[in-house]
Amino acid sequence: MTSPIAAPRAPAPELQGLDGLVREPFSRRGFVMTTVITGFTLATTTVLAQAIHTDATGLVAGEVQIPTSDGNMPGYRAMPEGNGPFPLVIVIEEIFGVHEYIKDTCRRLAKLGYCAVAPELYARQGDLTKMTDVQQIVSQVISKKPDAEMLSDLDAAVAWAVKDSKADGNRLAVTGFCRGGRATWLYAAHNPKVKAAVAWYGPLGGQRTDIQPKTAAEVVGDLKAPVLGLYGGADTGIPVADVEKQRDAAKAAGKTVEIVIYPDTPHAFHADYRPSYRKEAAEDGWKRMLAWFKQYGV
C-alpha cells in the first residue's frame with residue numbers, strides 16, 4: 001500500500017544529521033501509519049504460546065509520537081520510573097512493524113535500566129497494521145524506504161529520547177532484528193555518537209537501488225562503533241560465508257566487530273512468537289548483547 005500524493009508544499013529546510021553533515025530535504029509524502037500495531041503482527045499466521053510477556057510494573061511504557069522533518073512518527077518507548085538519565089537503546093524492528101514482540105523487547109531493556117525506543121520506520125510507506133502478506137510488505141513497504149530517510153528517522157528518535165525521555169545521549173546503543181539488523185550496521189556507520197551496536201541476523205548483501213544504495217557489507221569500513229553480529233548457521237537467507245566475510249573485512253579495516261554464529265540455528269531465532277525461536281541461542285545472544293553494551297559504556 002502506498003500513501004496518497006500530498007498537495008505541493010513549501011520546500012523543507014535542510015537537514016543536519018548528528019554527524020554534522022547537511023543533507024537534502026526529503027519529499028513530504030505524509031504518514032500512512034499514525035499509530036503502532038496493537039498486539040502481534042497480522043503477517044504471521046500463528047503466535048506461539050512461548051511468546052514472552054514482560055509487564056510494565058515500575059516502568060513508563062507506551063506509544064509515543066516522535067517529531068521528524070515532515071511530521072510525527074509513531075513509536076514505542078519503555079523506560080524506568082525515576083529521574084534518569086538512562087542509557088539509551090534504539091530498537092529497530094523486523095519487517096513486521098513495531099508490534100508486541102518489539103514492544104516487549106523494549107520493556108525487557110527498560111527493566112534493566114535502559115530507555116528503549118522503537119520508532120515505526122515504515123510509517124510513511126504503508127500500513128503494517130493491516131498487511132498480512134510478507135511479499136507485499138517487502139515489495140511495497142520495505143523496498144520503498146530510502147536509507148537516507150531511515151537514518152534521519154533514527155537520528156530523530158535519538159534526539160527526541162534525549163529531549164523528552166530522560167535518555168543520556170552520551171550512552172547510546174542500537175540493536176535491530178532481521179531487516180533491523182541491516183539498519184543497525186548502517187546506523188553504526190552513520191552516527192558517531194553510537195557507543196555499541198548489536199545486529200541480530202541482519203542481511204549483509206542484497207539488491208542495491210537508488211534509494212538503498214549500499215549493503216551492510218559495503219559500509220563495514222565506515223563503522224563508527226563496535227558491532228556485535230548474532231547469526232544462525234542454518235539461516236537460508238544469510239550464508240555463513242557472507243557473515244565470515246563481514247568479520248574479515250572489519251578486521252582488515254581496523255574495526256571492532258565480533259561475530260557469533262549459532263550452529264543449526266535458523267533466521268529469526270530471537271523472535272519468541274514464531275516457530276523459528278531457539279531459546280538457548282536467543283538467551284545466549286541476549287546476554288552477549290548486554291555484555292557488549294556494558295563493555296562499551298552503555
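User: Among the contacts in the chain with a separation of 6 or more, what share comes from residues 24 or more positions apart?
Analyst: Good place to start! This is a predicted model, where local features need pLDDT of at least 70, side-chain atom pairs count only at pLDDT 80 or more, and totals for chains, interfaces and linings use all residues. Residues are numbered from 1 along each chain as its sequence is written, and side-chain values use heavy atoms, with hydrogens and water left out. With contact meaning heavy atoms within 4.5 Å, the share from residues 24 or more positions apart is 75%.

User: How many helices and strands does the chain have?
Analyst: Both are DSSP runs numbered from the N terminus: helices are H or I with at least four residues, and strands are E with at least two. Counted that way, the chain has 6 helices and 10 strands.

User: What percentage of the 298 residues in the chain is buried?
Analyst: A residue is buried under 20% relative accessible area, exposed over 50% and partly exposed in between, using a 1.4 Å probe and protein chains only. Of the 298 residues, the buried ones make up 54%.

User: Are α3 and α4 roughly parallel or roughly perpendicular to each other?
Analyst: Helix α3 covers residues 147–164 and helix α4 residues 179–190, and their axes lie 11 Å apart at an angle of about 75 degrees. Axes here are lines fitted to C-alpha atoms, for helices over the stretch in contact, and angles run from 0 to 180 degrees between N-to-C directions. Angles under 35 degrees count as roughly parallel, over 145 as roughly antiparallel, 65 to 115 as roughly perpendicular and the rest as oblique. That is why α3 and α4 are roughly perpendicular.

User: Which residues in α4 meet α3?
Analyst: Let's look from the α3 side. There, Asp-147, Met-150, Leu-151, Leu-154, Asp-155 and Val-158 take part. Their partners in α4 are Arg-182, Ala-183, Leu-186, Tyr-187 and His-190.

User: Is Ala-188 buried or exposed?
Analyst: Ala-188 is found in helix α4. Its relative accessible area is 0%, so Ala-188 is buried.

User: At what angle do α1 and α6 pack?
Analyst: Helix α1 spans residues 100–111 and helix α6 residues 279–295. Thr-105, Arg-108 and Leu-109 in α1 meet Trp-286, Met-289 and Leu-290 in α6. The axes are 13 Å apart, and the angle is about 50 degrees.
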